[in-house]
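User: Could you walk me through this one with a few questions and answers?

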Amino acid sequence: SSAGSVFARRKQFVLALDGPGIPQDPWAYPLTWSRQNLIAVACGHDVYHQNLDTRHIAHLCTLSRASMGRIRALAFTDEGQQESLCLGTSTGHVHTYDAHTTTQVRAWPDDDWRGVGAIAWRGREFCVGRMGGDISWFDLRVSDPVRTLPAHRADIYGLQWSSDGRHLLSSDNRGTV
């Protein structure tokens, strides 16, 4: 059935989660939902995830230093059984974690402090939309960013791959798509 009819029939929410420390920033999107029915939420400098099938809650990570900034974006990979989670911060740090083992896979600092506004996965690769308009391309298999593309003249807050993975859609805070 359509989402509209489901919402019309439901008189109240199904599940409520407490999320202390979620940023008041209207451009921050510190939550994500995986294909394996895990949700992750950033609460301050911590990320928690819950398996909605079992209701099990786990602490995924804590940003170790305040200089890493606030968590601005979270995204689970879209690839099969692998449950990798990427987070991006207001100071440009990018981290990936294995959600099942709660171990960090990779971390990429950003020396230019270009904050992260959006994350979009494509298999083992993902792109990060940055403040200032650049898009950084990462691959879990390599330790350095693959490429950085100048894309916009404003801060990027939206990224999405096409269903065939050939095209990347981006949008900025000035309304350019």
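**Strands, rings and a pocket**

Analyst: Happy to! β7 and strand β8 (residues 103-108) pair in the antiparallel sense over five bridges; strands are DSSP runs of E, at least two residues long, numbered from the N terminus, and two of them pair if DSSP finds at least two bridges between them. This is a predicted model, where local features need pLDDT of at least 70 and side-chain atom pairs count only at pLDDT 80 or more, while totals for chains, interfaces and linings use all residues. Residues are numbered from 1 along each chain as its sequence is written, and side-chain values use heavy atoms, without hydrogens and water.

User: Which residue in β8 is the bridge partner of aspartate 98?

Analyst: The hairpin of β7 and β8 has four residues between the strands, and threonine 102 takes a positive phi near 55° there. In β8, the bridge partner of aspartate 98 is threonine 103.

User: Is the pair of tryptophan 108 and phenylalanine 126 stacked or edge-to-face?

Analyst: Rings of Phe, Tyr and Trp (its six-membered ring) pair if their centres lie within 6.5 Å; planes under 30 degrees apart count as stacked, over 60 as edge-to-face and the rest as tilted. The structure holds five aromatic pairs. In this one the centres are 5.7 Å apart and the planes stand at 70°, so the rings of tryptophan 108 and phenylalanine 126 are edge-to-face.

User: Is tryptophan 108 buried or exposed?

Analyst: Buried means under 20% relative accessible area, exposed over 50%, partly exposed in between (1.4 Å probe, protein chains only). Tryptophan 108 has 3% relative accessibility, so this residue counts as buried.

User: Which element gives the most to the lining of the second largest pocket?

Analyst: On a 1 Å grid over the protein atoms alone, a pocket is an open set of points where a 1.4 Å probe fits, with protein on both sides within 12 Å along at least five of seven lines; lining residues have an atom within 4 Å of a point. The second largest pocket is lined by 26 residues, with Ile119, Ala120, Trp121, Leu159 and Gln160 nearest its centre. Elements giving two or more residues to this lining are β1 (31-33), β5 (71-76), β9 (116-122) and β13 (156-161). With six residues, the most comes from β9.
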